[in-house]
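Let us walk through this chain from the whole to the parts.

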Amino acid sequence: VDIGKVITLCCLIDALLTSDSKIDLKLEEAKMKIMLATAFAFCYVWSVGGNINSKDWDQFDTFVRQQFEEDADAKLGQGGDLFSYEVDVHHRRMETWEKSVPTFKYDKTKPFFDLLVPNIDSCRFGYLLDKLVSVNKSVLFTGETGVGKTVIARAQLLKLAEEQSVVPLFLNFSAQTSSKRTQEMIVPKLEKRKKGALGPPRGKRMVILIDDLNMPKLETYGAQPPIELLRQYQDFGGLYDRETLKWIDIQDVILCAACGPPGGGRNSTTARLLRHFAIFAIPAPSEYSLKHIFKSILNGYLADFNQSTKTAGDGIIDAAVEIYSRMSAELLPTPTKSHYVFNLRDLSKCIQGILQVKPESVSDRDALVRVFFHESMRVFHDRLINDDDKQYYHTMLSELATRLFAIQIEPTTFIQKPIIFGDFMKVGAPKNERLYEEITDMTKIRNILQDYQEDYNLTNNKNTRLVFFMDAIEHIARIARIIRQDRGNALLVGVGGTGKQSLTRLASHMCGYKCFQIELSRGYNYDSFHEDLKKLYEQAGPNNQNTVFLFTDNQIVVEEFLEDVNNILNSGEVPNLFDKQDEYEKMIIGCRPAAKEAGVAENDRDGIYTFFINRVRNNLHLVLCMSPVGSSFRTRCRMFPSLVNCCTLDWFSEWPREALLSVAHTSFEKYPWPKGEEFMVGALAKMCVEIHMSVSTKAKQLLAELRRYYYTTPTSYLELINLYLMMLNDKKKEIENARARVQRGLKKLEETNVLVEEMQLELVALEPQLKKKSDETAKLMETLAIDQEKADEVRRVVMEDEAVARVKAEETQAMKDDAQRDLNQALPAVEKANEAISRLKKESIGEVRTFTKPPHMVEVVMQAVCIMFEKKKDWPSAKLLLGESDLINQIRNYPKDNIPESVLRDLKPYLQMSNFNYKDILQSSVACASLAEWVIAMDMYAKISKEVEPKRKRVAAAEADLRSVT
């Protein structure tokens, strides 16, 4: 934006001329003009031309010199372009930047990531950032990936934090960053200044450095919400509170940023934001600069090595820089090779790997060269996906070995005799005593890995059984190499079943690290992921434990998981992870003693938190396992660039023939082969390999002809072996069952034959007896025939008698039923009478007995009762009867079947009375009413029984007759 360049020009002039108190403002007019013109020219060059590509610098230089030809006061530098000069306002002239580059001195005590070798770019762009920040001007560094944008900005801001009252805050954007998350990353770092205003601690300024500014994805209408949030702050100096919706002023905060050009997941940034920034395009470092940087580091490290080893330092850096340049230029990313992105981080990792060796493990120059071959292959070669690219790399390495080190080595040697380095050959040795050395004895390393596996199984109660073929050994050594380094993170890429997770767990155990993996459950979400991250941060920070976080693409429930992983890889900090004050305090308190030992003041909470984050970055090693199948991997590499930039890649290719054969051979060896069939192991292993390889060949043909992918994974190969063994077991059991069945049948036949023979012998011995018995049986049959005739005659007579008896029984039953029917007519009356008697109470009877002169009907009833008991029919006799204690029982047990005829005759006059009934007598006495009812029932029963008696006699006679018949 044109107006932005003008503002940048004014800000630069302001910073140069007013911020430096040493400038003499009382100079002579001529000298003052020279100073102003020279300073203006410098500011003009960087404000107008600061964001043009380095290839156009010469053309712009010519244009500027033509503009200043007529201005004699502007003292422009004469050698090289104007971008190579800085302005010295005190001496009113331009000086080359080289004079300002400080000398680098290697410090063994400093971690590799804290080493910064000053060069022209770091000096000039750091100087511009310093000056513009001093006048509160925002700065944006742009340039290709790996040119050092972030490194330069971070280094300068950390320097300002030490020298001035500046508080740096480092943020990292990705495709998933939202405006809310951006606000959450910034606002908690600020303090309340006054009502409605936030800012850094009083007396300080905060500079926020945003890396990958243009990464956030576009929303529906083409805007980038995080960018719009930053633009709102730049335009109006504040933000809205998302809860209260009130405006908040933000004071003393300056935005700085770094971003690459649009493309590869990056988007164009709106000019409405860019107009607030001074934009500078950082050129790719020259080959000379790269060699100067890394030679300074490597030669400084090799100072303690012998003279022969030191001579290899320059050649190694020359080779590393050439490899980096050629790989960047010739192996370009494509849709299937989206991770072929090489930047200065890769070159840095290569040199960092060389710094792992100690003088004890490197005896001469050639040994150090082999270390370099190994480290360069781990960084550049291990991400290559096909044989053509690997062959290209091997050829390049062979050529460099001949040209720079005078070592003759064939490209195929790197395949046939792979170089393997590791520090795990001494089992159980502490980390500081381990020696990073070359491993040449393959038998020994297999045995050691087997020991580690057994120890791992015992420690973790597992039953892991890995086959250590050459390919697996190489991958284990690679993973162990990555995680043994500070900030060592790995990205393992391969189809399912290649062993990424199993090898990582074993490598973690070999290094003595804890291996953590999230456990997905039904309700696992973003908050659950944060809880797991807090546990990891506590282990790696306050507990100071080296921890491996094994994370697979199958565990990515939501893409925000990768947003946090991207932040951990880039800056080590997950925004708002410790949003609760007590959690934050726990981390601060846990790290305070160690931070104090490192020289951080106890009351410097920000310093302790920075120490905590750096310790986490050093101790927490992320190992990401992803599959290249489909477009997910390619998309994630584009949206989250730190996955590639901050990780060492290890591409798990399809298993070679040797690996397939080894796995099959081991699987078949474990099978319990019958004696004499062991020779089948080798043949079956070769058969499985041929089947798998032939399918792989056809899959490649399918891809070439029909553009369709068919993946043959190690999992499918293991399933082939397991399926064969399972079918073999099934068939073996089937045959054994059939064999056992036949054996059982044969045994039964043999037993039957023996029994038959024994029975035949017994038959021969019993034949005379059988003949005798047969004769006796014949005689018996004759006797039986005669007896049968007699029996038939008896049966006929019996059947006739039975018919007669049946008729008599039917007649007898009919008479019995007739008699019972007549008798049943009286039973209801008897039952009713018994029921009435049961209601009789002694009190009621006693009440009747008290009558001196009873009522007429009471007297009548009692006369009838006296007749029943054959007593005198007067009232005194009745009273005596009523006075008997067991009267009720006598009435109940009265012999109703044997009532004398005279009693019935005497009762007749009483029963013929019209009022001799229960209802009428009830009016006089309850007890007498029940007694009257009883008398009536007894009379009725006696009469019916008298009628039934002849029938009973006939039934008894019939039954006696029937018994005589039967």
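The chain has 34 helices and 18 strands. Keep in mind that this is a predicted model.

Start with the overall dimensions. Along the principal axes, the C-alpha atoms of the chain fill a box of roughly 175 × 105 × 55 Å.

Now look at burial and surface. Of the 966 residues, 47% count as buried. The chain exposes about 50,100 Å². Carbon and sulfur atoms supply 52% of that area. Contacts can also be sorted by sequence separation. Take the contacts in the chain with a separation of 6 or more: residues 24 or more positions apart account for 73% of them.

Four strands form an open sheet, in the order S5-S6-S9-S8, and the pairing is mixed. Which strands stand at the edges? They are S5, residues 191-194, and S8, residues 238-240. Each has a single partner strand, so one side of each is left without a neighbour in the sheet. From one strand to the next, the twist averages 35 degrees.

Stay with edge strand S8. How many bridges join S8 to S9? There are three, and the two strands run antiparallel. Strand S9 covers residues 247-250. Across this pairing, Tyr 240 stands opposite Trp 247 in S9.

Move on to an annotated stretch. UniProt, in an unreviewed entry, places the feature "domain: Dynein heavy chain AAA module D4" at residues 466-725. Over residues 466-725, the chain is 57% helix and 9% strand. The end C-alpha atoms of this stretch are 18 Å apart.

Finish with a single residue. Ile 691 is found in helix H26, which spans residues 680-706. Is Ile 691 buried, exposed or partly exposed? Its relative accessible area is 35%. Buried means under 20% and exposed means over 50%, so Ile 691 counts as partly exposed. For a sense of distance, compare its position with Leu 160. Ile 691 and Leu 160 are 531 residues apart along the chain, and their C-alpha atoms are separated by 65 Å.

Notes: Residues numbered from 1 in each chain as written. Predicted model: local features only at pLDDT ≥ 70, side-chain atom pairs only at ≥ 80, totals over all residues. Heavy atoms only, no water. Pairing = 2+ DSSP bridges. Axes fitted to C-alpha atoms, helices over the stretch in contact; angles between N-to-C directions. UniProt positions renumbered as here; feature names shortened; annotations may be inferred. Buried < 20%, exposed > 50% of the residue type's maximum accessible area, 1.4 Å probe, protein only. Contact = heavy atoms within 4.5 Å. Areas by Shrake-Rupley, 256 points an atom, 1.4 Å probe, with all protein chains shown as cover.
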